[in-house]
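Please read the following points alongside the coordinates. They start with single residues and end with the whole chain.

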Amino acid sequence: MRYDTPGLERWNSRAYDSSFGYVSTQGAPLVDLLDPQPGERVLDLGCGTGVLTAQIAFRGAEVLGIDGSSAMIEKALAQYPGMNFIVGDAHDFTVARPYDAVFSNAALHWMSRDPDAVIASVREALLPGGRFVAEMGGAGNCAELTTAMLTAWREHGLREPELPWYFPSPAEYARRLESEGFVVRLLEYFDRPTPLEECPGGAADWVRMFASSALDGLAPGLVDPLLRRVNELAAPALRRESGWMADYVRLRFAAVRR
Ligand SMILES: C[S@@+](CC[C@H](N)C(=O)[O-])C[C@H]1O[C@@H](n2cnc3c(N)ncnc32)[C@H](O)[C@@H]1O
């Protein structure tokens, strides 16, 4: 199967690993929560460049990584030859044989078109009793960053951009999981202020990497002043002496297919 999820090719897989590697570094405790066992079959949904997929494989599990971006999958295949990665859309992927566990780090909030369809696809990919272990942005995630963006856009007389994410509250996501046939065993909702260590350009760099769809169609001369203004607006809340901080809020859960 080889197809691309529309809109996902904006991911720059090279910049992702070099500048935003913290995303997968912070996923290591989630691998502990998954606790993959030797010989288990695990699917990593929204695997990106495969860093965590490889960590799961290192613990002896047999892993398949799926991602909607062919650039991410190409990089994963190049970095981890011999491992299994395919391009696929989390909303409607199918598997030949169900898995013991589905894992997902920092990806479910990007799968915003139809969260119930994603959860239903995960359920169908699992054996009864199979685990769904994931972490995603939760309600209020990046509120300072996005408020600064929306204000800057308004100030420049632009229509507010549609932001691509789905950041649910714990109650909302638990309800979705339960109504799609899961029992929620653990659900955590917490702040995780995250240093943007590789973002010398501050919030502006974050917008370019994670919200670049908002820049589509803007006059080229407008982008720099707009992003400068985002930095000015976000700085009081997010710039520290040590550097920029992103105001991340996370939702982490472990659920079991009934
Ligand atoms: C922030 S990255 C996280 C990657 C990886 N899990 C990690 O921890 O480094 C989010 C990933 O979700 C993928 N993604 C977004 N929407 C998707 C969809 N509908 N189907 C499959 N993958 C998707 C993106 O291509 C991207 O690689």
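1. Alanine 106 counts as buried, at 15% relative accessibility; buried means under 20% relative accessible area, exposed over 50%, and partly exposed in between (1.4 Å probe, protein chains only). Alanine 106 sits in the loop that runs between strand E4 (99-105) and helix H6 (115-124). Its phi is positive, about 55°, although alanine 106 is not a glycine. Helices (H or I, at least four residues) and strands (E, at least two) are DSSP runs, numbered from the N terminus.

2. On provenance: this is a predicted model, in which local features need pLDDT of at least 70 and side-chain atom pairs count only at pLDDT 80 or more, while totals for chains, interfaces and linings use all residues. Residues are numbered from 1 along each chain as its sequence is written, and side-chain values use heavy atoms, with hydrogens and water left out.

3. Aspartate 35 also is not a glycine, and has a positive phi of about 50°. It belongs to the loop between helix H3 (28-34) and strand E1 (41-45). With a relative accessible area of 41%, aspartate 35 is partly exposed.

4. Glycine 39 is placed in the loop between H3 and E1. At 55% relative accessibility, glycine 39 counts as exposed. Leaving out residues up to four places away in sequence, glycine 39 touches Gly60 and Ala61; contact means heavy atoms within 4.5 Å. Valine 63 lies 24 residues from glycine 39 along the chain, and their C-alpha atoms are separated by 9.6 Å.

5. The UniProt record (unreviewed entry) lists residues 42-130 as "domain: Methyltransferase". UniProt positions are given in the numbering used here, feature names are shortened, and annotations may be inferred rather than shown by experiment. Over residues 42-130 the chain is 31% helix and 29% strand, with the end C-alpha atoms 10 Å apart.

6. The protein chain as a whole has ten helices and eight strands. Its radius of gyration is 18 Å, which agrees with the value near 18 Å for a compact globule of 258 residues; the radius is taken over C-alpha atoms, and the globule rule is 2.2 Å times the number of residues to the power 0.38. Along the principal axes, the C-alpha atoms fill a box of roughly 55 × 40 × 35 Å.

7. Of the 258 residues of the protein chain, 53% count as buried. Among contacts with a separation of 6 or more, 77% come from residues 24 or more positions apart.
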